[in-house]
Amino acid sequence: MTLTWRAVVLAAVGVPLVLLLPSTGTVLVWALVCVALCVLDASLAASPRQVAVQRDLPPSVRLTEPATSTLTLTHVGNRRLRGLVRDAWPPSASAEQDRHTVVVAPGDGARVRTVLHPTRRGDAVADRVTIRAAGPLGLAGRQASLTVPGRLRVLPEFASRRHLPSRLARLREMDGRAAVQVRGPGTEFDSLREYVIGDDVRAIDWRASARRADVVVRTWRPERDRRVLIVLDTGRTSAVRVQDAPRLDASIEAALLLGALATHAGDRVELLAFDRRVRARVAGTAGPRLMPALADALATTSSQLVETDWPGVVTQVRERLSQRALVVLLTALDASAVERGLLGVAQQLTSRHQVVLASVADPETDALRTGRADAREVFDAAAAERAALERSAVAVRLRRRGVEVVDALPDDLAPRLADTYLALKAAGRL
């Protein structure tokens with residue numbers, strides 16, 4: 001039995017009576033009257049356990065987009081149900097209004113809707129549905145919490161998709177569907193055309209020039225069906241917060257944009273989320289099915305507070321790639337972490353593959369480097385400057401081992417990585 005505010009008002013009504021007749025008998029009688037009325041009211045309320053509840057949810061929703069949880073109530077009891085229904089969700093689901101007033105006749109039904117605004121990737125699991133049925137007097141009622149399963153998959157936001165149209169336009173130019181042609185080694189032969197000033201002399205086709213009695217050059221288009229393996233580091237460094245978001249989130253945005261661009265270019269894309277074991281994997285999927293598969297796999301990927309096993313990463317790459325491919329490492333460019341792990345195995349990757357390391361830079365470091373107001377800011381500036389120098393030094397050491405390094409702010413990482421991919425493709429280095 002649950003009491004309402006009306007029961008409190010009823011008890012308060014008896015206060016003047018108790019003051020006028022201050023005796024134990026008066027208090028006891030009034031208390032018994034209140035309890036009897038509440039018990040009677042609760043017994044006349046409809047049973048909440050005679051309500052069948054069914055939940056309808058969309059299978060998934062992108063982060064920051066709304067979703068609606070619909071509860072269908074079917075009353076199978078013989079008393080009219082008047083009460084409150086609460087559709088409970090975790091705080092990260094940000095339920096707009098999860099309490100609903102309902103009036104349902106016996107044998108009838110009703111629908112209540114709760115709008116959700118998720119603020120976190122992953123699976124939002126619904127809690128129990130609580131039904132509180134009030135009695136005819138409104139003094140008390142009956143309450144029950146029913147288990148109604150519900151799971152909403154919250155996909156990454158993919159805010160970086162705004163950069164996709166401009167990169168696809170550049171890809172079309174490279175692919176020969178626009179006026180621009182790409183020339184250079186490592187690409188597929190497309191056609192011949194007359195030589196113009198500025199063309200690379202290495203592209204001249206001397207035999208064709210002799211036949212035509214004019215200098216002609218070969219034009220090329222980027223090779224298709226190349227392998228692109230995106231390795232997402234989910235170790236402890238990915239948990240560092242940059243601009244109020246984990247570093248992992250910016251890496252996920254970069255992985256999604258690169259995956260969308262590479263699949264439009266006709267390349268085969270695979271994803272591997274790894275720290276000391278495989279946390280997520282997408283392989284053998286292409287075309288329009290790739291992006292939903294990537295988003296679904298990355299939705300539940302989270303940082304783990306363990307050191308990344310870089311020799312294990314090399315083993316995973318060797319197991320999945322037998323031919324030369326583009327290997328993209330989305331990890332941190334922290335000097336200590338790279339020196340202890342990646343630096344020792346970098347040449348094992350670059351000896352067989354084109355390797356790109358993409359890392360998120362912290363804008364607060366640059367802000368700290370300019371502080372000179374007091375001694376504390378000077379010490380902070382010195383520490384930030386030292387960290388920046390160490391970061392630059394480890395990037396140079398990686399480049400000497402054949403690794404392309406992309407170091408950018410969170411909002412710039414995805415487009416910068418896409419530009420690097422296009423540049424490598426144009427140069428025939430994939």
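Colleague: Before we start, what counts as buried here?
Modeller: Buried means under 20% relative accessible area. Keep in mind that this is a predicted model.

Colleague: Fine. Take Val356, then. Buried or exposed?
Modeller: Val356 has a relative accessible area of 2%, so it is buried.

Colleague: Which strand is Val356 in?
Modeller: Val356 sits in strand β18, residues 354-360.

Colleague: And what is Val356 in contact with, leaving aside its neighbours within four places in sequence?
Modeller: There are several partners. Leu326, Val327, Val328 and Leu329 are among them. The contacts also include Val403, Glu404 and Val406. Leu417, Thr420 and Leu424 belong to the list too.

Colleague: How many residues apart along the chain are Val356 and Val406?
Modeller: They are 50 residues apart along the chain. Their C-alpha atoms are separated by 7.4 Å.

Colleague: Let's step back to the whole chain. How many helices and strands?
Modeller: The chain has 13 helices and 19 strands. It runs to 430 residues, and buried residues make up 46% of them.

Colleague: What about contacts between residues at least 6 apart in sequence?
Modeller: Of those, 74% join residues at least 24 apart.

Colleague: On to helix packing. How do α6 and α13 meet?
Modeller: Helix α6 covers residues 247-264 and helix α13 covers residues 410-426. Their axes come within 8 Å and cross at roughly 30 degrees. Angles under 35 degrees count as roughly parallel, so α6 is roughly parallel to α13.

Colleague: Right-handed or left-handed crossing?
Modeller: α6 passes α13 in a right-handed crossing.

Colleague: Which residues make the contact?
Modeller: On α6, they are Ala250, Ser251, Glu253, Ala254, Leu257, Leu258, Leu261 and Ala262. On α13, they are Pro410, Leu413, Ala414, Pro415, Leu417, Ala418, Tyr421 and Leu422.

Colleague: How do those divide into nonpolar, polar and charged?
Modeller: The contact of α6 with α13 has 14 nonpolar residues, one polar and one charged.

Colleague: Now α6 and α7. Roughly parallel or antiparallel?
Modeller: The axes of α6 and helix α7, residues 290-299, cross at roughly 165 degrees. They come within 10 Å. Over 145 degrees counts as roughly antiparallel, so that is how α6 stands to α7.

Colleague: And the handedness of the crossing of α6 and α7?
Modeller: The crossing of α6 and α7 is right-handed.

Colleague: Which residues make the contact there?
Modeller: α6 contributes Ile252, Leu256, Gly259, Ala260 and Thr263. α7 contributes Leu290, Met291, Leu294, Ala295 and Leu298. Eight residues of the contact of α6 with α7 are nonpolar, two are polar and none is charged.

Colleague: Switching to strands. In what order do β2, β4 and β7 stand?
Modeller: The three strands form an open sheet in the order β2-β4-β7, with antiparallel pairing. β2 (51-56) and β7 (109-116) stand at the edges. Each has a single partner strand, so one side of each is left without a neighbour in the sheet.

Colleague: By how many degrees are neighbouring strands of this sheet turned against each other?
Modeller: By 20 degrees on average, direction ignored.

Colleague: How many bridges pair β2 and β4?
Modeller: β2 and strand β4, residues 67-75, pair in the antiparallel sense over six bridges. Ala52 stands opposite Thr74 in β4. Gln54 stands opposite Thr72 in β4.

Colleague: Where do the side chains along β2 point?
Modeller: They alternate. Val51, Val53 and Arg55 point to one face and are buried.

Colleague: Which way does Phe158 go, positive or negative phi?
Modeller: Phe158 has a positive phi of about 55 degrees, although it is not a glycine. Phe158 lies in the loop between β11 (151-155) and α4 (164-174). With a relative accessible area of 6%, Phe158 is buried.

Colleague: And what is phi of Thr64?
Modeller: Phi of Thr64 is near 80 degrees, again a positive value in a residue other than glycine. Thr64 is in the loop between β3 (60-62) and β4.

Colleague: Last one. Where is Ser392?
Modeller: Ser392 lies in helix α12, residues 375-400. Ser392 counts as partly exposed, at 44% relative accessibility. Ser392 and Asp334 are 58 residues apart in sequence and 9.7 Å apart in space, C-alpha to C-alpha.

Key
Residues numbered from 1 in each chain as written. Predicted model: local features only at pLDDT ≥ 70, side-chain atom pairs only at ≥ 80, totals over all residues. Heavy atoms only, no water. Axes fitted to C-alpha atoms, helices over the stretch in contact; angles between N-to-C directions. Helix = DSSP H or I, 4+ residues; strand = E, 2+ residues; numbered from the N terminus. Parallel < 35°, antiparallel > 145°, perpendicular 65-115°, else oblique. Left-handed = near helix turned anticlockwise from the far one by under 90°. Contact = heavy atoms within 4.5 Å. Nonpolar A, V, L, I, M, F, W, Y, C, P; charged D, E, K, R; others polar. Pairing = 2+ DSSP bridges. Buried < 20%, exposed > 50% of the residue type's maximum accessible area, 1.4 Å probe, protein only.
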